[in-house]
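Subject: A structure for you to look at

Hello,

Here is the structure I promised to pass on. Please open it next to this email and follow along.

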Amino acid sequence: FPSHDMRVVSFAVTPGETVAVIGPNGAGKSTLLRLMAGLLQPEKGRVHINGRLSSLLDLGASFHPELTGRDNVLLNASLYNFDRREMQERLEQVFAFADIGKFIDVPVRCYSQGMYVRLAFSLAIHVNPDILLIDDCLAVGDDKFKLKCLDKALEFKSKGKTIIFVTHDFGSAKQLGVRIVTGK
């Protein structure tokens, strides 16, 4: 794992704000999101999050290849503190957004990369987070899915949800009408 000098990073995000972190490869953008998500712990300083967090980082990393998409969704819902009953109520929404049809009942090891990402993205956005962390996910998939993801991000924004995302795409940031934080 590369070492990034994060000593000089300091910013606050107000509830309901959308912030894009833009910078070149190696600037520490993804590391910053991993710190916010609690996947990494800072050596110094602190990260304070207030609200239910969902992150679109390393999409599907926690999927078990031998389980079906359906079983992976139910298993991973527990990581978002959802009980099985709550997730059962959202299953059809998750499946409809992912739009992978009958493959939902096939082991994910048989999925294309696009199907895998679609299902993971759909799960992450349907857990009703207060704060959504996105690591360049709006740039994955086919054009139709990218537009669907962008529309969902705009929907989150319209509901007053907080969104923090990293991207190389100034166009996506511009479309979301965000405050931009740049890295070196």
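Two strands count as paired if DSSP finds at least two bridges between them. Helices (H or I, at least four residues) and strands (E, at least two) are DSSP runs, numbered from the N terminus. Keep in mind that this is a predicted model: local features need pLDDT of at least 70, side-chain atom pairs count only at pLDDT 80 or more, and totals for chains, interfaces and linings use all residues. Residues are numbered from 1 along each chain as its sequence is written, and side-chain values use heavy atoms, with hydrogens and water left out.

**Strand 1**

Start with strand 1, residues 18-22. It runs parallel to strand 4 (residues 162-167), and 5 bridges join the two. Here I22 stands opposite T167. Strand 1 also runs parallel to strand 5 (residues 179-182), with 4 bridges between them. On that side I22 stands opposite T182.

Now take A20, which lies in strand 1. Its relative accessible area is 0%, so A20 is buried. Contact means heavy atoms within 4.5 Å. Leaving out residues up to four places away in sequence, A20 touches F165, A173, V178, R179, I180 and V181. A20 and H168 are 148 residues apart in sequence, but 9.6 Å apart in space, C-alpha to C-alpha.

**The nonpolar cores**

In soluble globular proteins, nonpolar side chains tend to be buried together. A nonpolar core is a set of buried Ala, Val, Leu, Ile, Met, Phe, Trp, Tyr and Cys residues joined through side-chain atoms within 4.5 Å. The largest one has 40 residues, and V73, Y111, L119 and F165 have the most contacts inside it. Several elements each supply at least two residues of this core, including strand 1, helix 2 (69-77), helix 3 (84-98) and helix 6 (170-176). Helix 4 gives the largest share, 8 residues.

What does Y111 touch? Not counting residues up to four places away in sequence, Y111 touches G69, I100, F103, I104, V106, Y116 and L119. Apart from this core lies another, of 9 residues, among them L57, I131, I164 and V166.

**The cavity**

A cavity is a set of points on a 1 Å grid over the protein atoms alone where a 1.4 Å probe fits but cannot get out, and lining residues have an atom within 4 Å of a point. Grid points are joined across faces, edges and corners, and a volume is the space filled by probe spheres set on the points.

The structure holds 1 cavity of 30 Å³ or more. About 30 Å³ of space lies in the largest cavity. It is lined by 10 residues, and F121, I125, L132, I134 and A153 are the closest to its centre. Helix 4 (113-125), strand 3 (131-135) and helix 5 (143-158) each give two or more residues to the lining. Helix 5 gives the most, with 4 residues.

By class, the lining has 9 nonpolar, no polar and 1 charged residues. Ala, Val, Leu, Ile, Met, Phe, Trp, Tyr, Cys and Pro count as nonpolar, Asp, Glu, Lys and Arg as charged, and the others, Gly among them, as polar.

Last, look at K152 in helix 5. K152 counts as buried, at 14% relative accessibility.

Best wishes

How values were computed
On a 1 Å grid over the protein atoms alone, a cavity is a set of points where a 1.4 Å probe fits but cannot get out, and a pocket is an open set with protein on both sides within 12 Å along at least five of seven lines; lining residues have an atom within 4 Å of a point. Buried means under 20% relative accessible area, exposed over 50%, partly exposed in between (1.4 Å probe, protein chains only).
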